[in-house]
Every structure is written in structure tokens, then in C-alpha cells.
Amino acid sequence: MADANEPVSVVGIPSRVEYTYSPGRATTRFLRAIEQKRLMGQRCTGCGKVYIPPRGACPRCGLPTDEEVELTDKGTVVSFTVVRVPSENIQLELPYAAGSILLDGADIPFQALLRDVEVADVRPGMRVQAVWVDDAELQPSFTNIKWFHPIDEPDVPFEKFQEHL
Amino acid sequence: MAELCGVVGVGQTQHDAKREDVSQVGLIREAAERALEDADLDWKDIDAVVIGKAPDLFEGVMMPELFLADSLGCAGKPMLRVHTAGSVGGSTAVVAASLVEAGIHDRVLTVAYEKQSESNAMWALSIKIPFSATVVAGAGGYFAPLIRGYMMRSGAPEDTGIRVAVKDRENALKNPYAHLKFPDISFEQVESSPMLWDPIRFLETCPSSDGACALVLSSEKLADQSKKKPAWVHSTAMRSEPTSFAGRDQVNPQAGIDCAKELYKKAGITDPRKEIDCAEIYVPFSWFEPMWMENLGFAELGQGWKMTYEGATALDGDLPVNMSGGVLSTNPIGASGMLRFGEAAMQVRGTAGEHQVAGARKAMGHAYGGGSQYFSMWIVGAEKP
């Protein structure tokens, strides 16, 4: 207990941020599809790159990504980290592996949890597939994918995915 | 540029995890007063103030520049705030220099700070986005896969990052203002420190600091009159790119490459490794030293790690990097870029004390921010450009 005569230098004032989220047209289509266990990406009308999750436009070309492309839930780990430090925002048992995953047919990776594998065995090039929540729990949310886990396919060579780092 | 700009004063605070002895006001005053003292000037000599800091959530105070205006002597003077995430300390100095170079003001005080202990930056950086899955938090989780990407591409030896950390932490021992000091730092100590975000170890990571940095910039005429030797601004450059797009190279971002090219071109530099005497580079995780050596054109692609390995970036190497101990030793985020710029100025003014590079005539300051998407840089010299 601090001395009652000590001047107060710091007081804790908890603050919180609340906001209304408007996903926009492109993300709404993605979320409606993932509610049906379908992964819908979008192709740029300029460079032809496929974005998932899509945001409606390609930042490189400044063009709309109008064409919808359905992707599989299989992909490749392009890079990863093993998290061994706790965070207030994430309630996961440590250590855990977080991968940068490039879905087959997509041109941009996203981060996802990797499980059903020892963290020491996670490696770039590893082939993985989504593990989904039970159908009864499906929502319009990326959290429908609980994590990715390894599948019995040969690793992809580094040259094939190194441009996606 | 129409006018030359000289750095005539450099000031910084004592950096620490918690500066409970000062408020945000006290922190920036400490740096600003030291810069004015170094310049042998007073508040009345300042024409305008440019302030920079990282996101407001880092302290939990919205638009702090409004309540800081008075304490920075801005009453009746122009003031503006710059914000480009972690690179902001650099871009704030660039904006301040451009006000002088454009002939708008003769003497500008520029200040950058962060008082990280007043909130939680890791939390502030990791706000949960609805309908998405958040799997990593903070900068470490974000940058670790990119570091692994660099390791795969370059085939760099796995202990490269450890070597950078030892070098920067040894340099910090020579810097009286540095936050983190490990008097008996060794390879073994870094190697055995806990892995936080594989492959980033605890001692390969920057701290959270409270601190501020300030510079006084003058037009040529006024800089010529200053008692101490100015550092002349030879060139400045800034670049940005989107956080995420298909085919974006996050390990070696195009914006960084382009920014450095413009910087060297404006300064008339064709061989940066040879012509630049030392560089303060924004390295918040040790592996970013070799990554930026390549991005900035000091080394060929895939070869940056060799500079660390061969000792080229050591204080007695051919291109000393992070003489002050760098971001690894001191990281008040908003001020971190300006500390790099300020160190570059100190080097060419010959005022860097124990971490002075003998005979430094041309030095580079560098900062990056966001998801490696904002870059700001300057080159300062002992002679006029």
C-alpha cells in the first residue's frame, strides 16, 4: 500500500471503444457465403489477382474486384510464427502456431491458427485444410473456420509461394 | 529546395519504461528545452512548431497536441501535428524541414514523443475486428512471419538476429539516454532469452518506452549564425503503400526501395554504402537490420546478413548502424523515428559522445511504420549540400 502522503502520479481510467460495423457490399457477400461454409473470393478486373477476404477493390490497380470466385478450403502455409507470449485480446493456450495461409487459387494470404500439429512440426510449404465449426454454429463470420490443420499432401516448394511473403 | 535547412539543436529525454516523474507535458518540455539549450535559443526564437506521435490510443488521450500547444510555446504561432504510425518521428522532422526549405519559416521546433506507460500499445494495436479471427497480437506477431520469410529467402544463418541484438545492446551502453541497458550483454544471453514470437526472442525485441525527442531547424542564414556546428539537411524523402494487396512484398517493400532511391538521388549519392558514413535505421526487431540493409540498397538482395556477420554495421565497421543502441534499446514509438534522425544529426555535428563515429560527415536517419508501409528518411551532412 502506498504511503498516504505520496503524491498520486498515475490513476487508471479504463476506457472502451464501441462502434457499429458496416462491412460493405464485398465483405457482406463474403460473410453471407461463409455462413454457408463457402469461401468466396473476388478477382480484380485489372491484374486478375484473387482476393480473399475480398474488399471490393484491388489496392494495386484501383479497380473493382467484381468477379466472384469460389475457392476450396485447402491451402499452403507460406510463413508462420509460434506465439509464446500472452495477449489481453487473444485467449488461446500457449504456445500456438499462427500461419500465413494462401488458399489454392488465391493471390493473397491471410493469418489463421494452425492446430492438430506440434508447433515444432509447422513449416512453410505445409499443405493445410480448414477445420470448420459444427453446422449448427455457422455464422456470417471468418470464425467459422476454427483453425487449419495439416493434410496428407506433399509440401509445396518455396519457389511456388515466395512471392506471397 | 529553395532554402537550405540546418539542424541547430538536438534534445532528448531520459528514456525509461515509466517516466512517472513527468506528465506528457513534462516529457515533451524536457526534450524541447534540451534542444533549445543545445541551439542556444529561447522559445521566442521559434516561428512554428511541428509535433508528432503515434496513435492516440497509445496514451488514451485524443488529440493531445491541443492540450500540449501551450506547453510547446505555440500560443500565437502555427502548430501542426503529423501522424504516420511508427515512422511519425521521421516524417514529423521531414515536414518541419520542408517548412524551412520552402522558405515559410526561418526557425521551426519539432517534437515527437510517446508515453507508452499511460496505456497499452499492444492492446491498442490489436483491436478486434468484427466477424474476423484474430490470431496474433501486437507488432511481434505481425512481423515474425515476415522475418521467417526473409530467413527463407536469404538463407541467412539463424544467429544473425542474435548478433544484431548484441551489437545494438552494446552500443546502448555508450548512450546515456538509452532505456534498456544490459551491462554484461552476450551472445549466450540473447540466445537463451525466451522465444516470444518465433523466431523473435525477448532480447531481439524493442521495449515499450516513455520518451521524447526534439530538433530545432533553421534556415541557412540563421544556421550560419549558430554557435555550434549545424547538421545540414541534404535530402528528405517519404513514401507509403497500402498495407495489403496481392503480390505485395512485405519483406522488401517497394515503398522503402523507392523512398531510399529518391533520398539518394536528391542528395547526389550514387553508392550509399561508400558515401554514407553511418546510419540510424528503425530496427524494432533485430532481424530488420539485414532486411533494411537490402531494402535501402546498402547490400545486394539476400546479402544484408553478411554486413552484420562481417561486422560492417558495428560501431567500428565500414557502415556503423544504430550507434545509439537503436529502437531495440529505446522505443517511445512516436519519438523513435525522430531519435534516429536526431542521432544522424548528432553524428555529423560530432556531438554523439561515446557512440560517436570518428570523422562522420554524412549520416542517414530512417523510420518505418504501420505494416512496413510508411517510410521517412533523411540524409544530413557536416557540410552544406
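User: Which strands of chain B does α14(B) lie across, and at what angle does it run to β10(B)?

Analyst: This is a predicted model, in which local features need pLDDT of at least 70 and side-chain atom pairs count only at pLDDT 80 or more, while totals for chains, interfaces and linings use all residues. Residues are numbered from 1 along each chain as its sequence is written, and chains are lettered from A and ligands numbered from 1 in the order in which they are written. Helices (H or I, at least four residues) and strands (E, at least two) are DSSP runs, numbered from the N terminus. Axes are lines fitted to C-alpha atoms, for helices over the stretch in contact, and angles run from 0 to 180 degrees between N-to-C directions. Two residues are in contact if their C-beta atoms, placed from the backbone, lie within 7 Å. Here, α14(B) lies across β1, β2 (48-52), β4, β7, β8, β9, β10 (362-369) and β11 of chain B, and runs at about 175° to β10(B).

User: In what order do the nine strands of the open sheet in chain B stand, and which are at the edges?

Analyst: Two strands pair if DSSP finds at least two bridges between them. The order is β3-β2-β4-β7-β1-β8-β11-β10-β9 (chain B), with mixed pairing. At the edges stand β3 (79-82) and β9 (278-280) of chain B; each has a single partner strand, so one side of each lacks a neighbour in the sheet. On average, neighbouring strands of this sheet are turned by 25° against each other, direction ignored. As an example of pairing, β8 (residues 231-240) and β11 (residues 374-381) of chain B are antiparallel over eight bridges, and Arg239(B) stands opposite Phe375(B) in β11(B).

User: Which residues have the most contacts inside the largest nonpolar core?

Analyst: In soluble globular proteins, nonpolar side chains tend to be buried together. A nonpolar core is a set of buried Ala, Val, Leu, Ile, Met, Phe, Trp, Tyr and Cys residues joined through C-beta atoms within 7 Å. A residue is buried if 20 or more other C-beta atoms lie within 10 Å of its own, exposed if 12 or fewer, and partly exposed in between. The largest core has 158 residues, and those with the most contacts inside it are Leu114(A), Ala35(B), Val111(B), Ala212(B), Leu215(B), Ala345(B) and Val380(B). Helix α14 (residues 333-349) of chain B gives the most to this core, with nine residues.

User: How many residues of chain A are in contact with chain B, and which element supplies the largest share?

Analyst: Contact joins 39 residues of chain A with 36 residues of chain B. On the side of chain A that touches chain B, β6(A) supplies the largest share, five residues.

User: Is Asn322(B), which has a positive phi, buried or exposed?

Analyst: Asn322(B) has phi of about 60° although it is not a glycine. It is buried, with 27 other C-beta atoms within 10 Å. By comparison, Asp40(B) also has a positive phi, near 60°, but counts as partly exposed, with 14 C-beta neighbours inside 10 Å.
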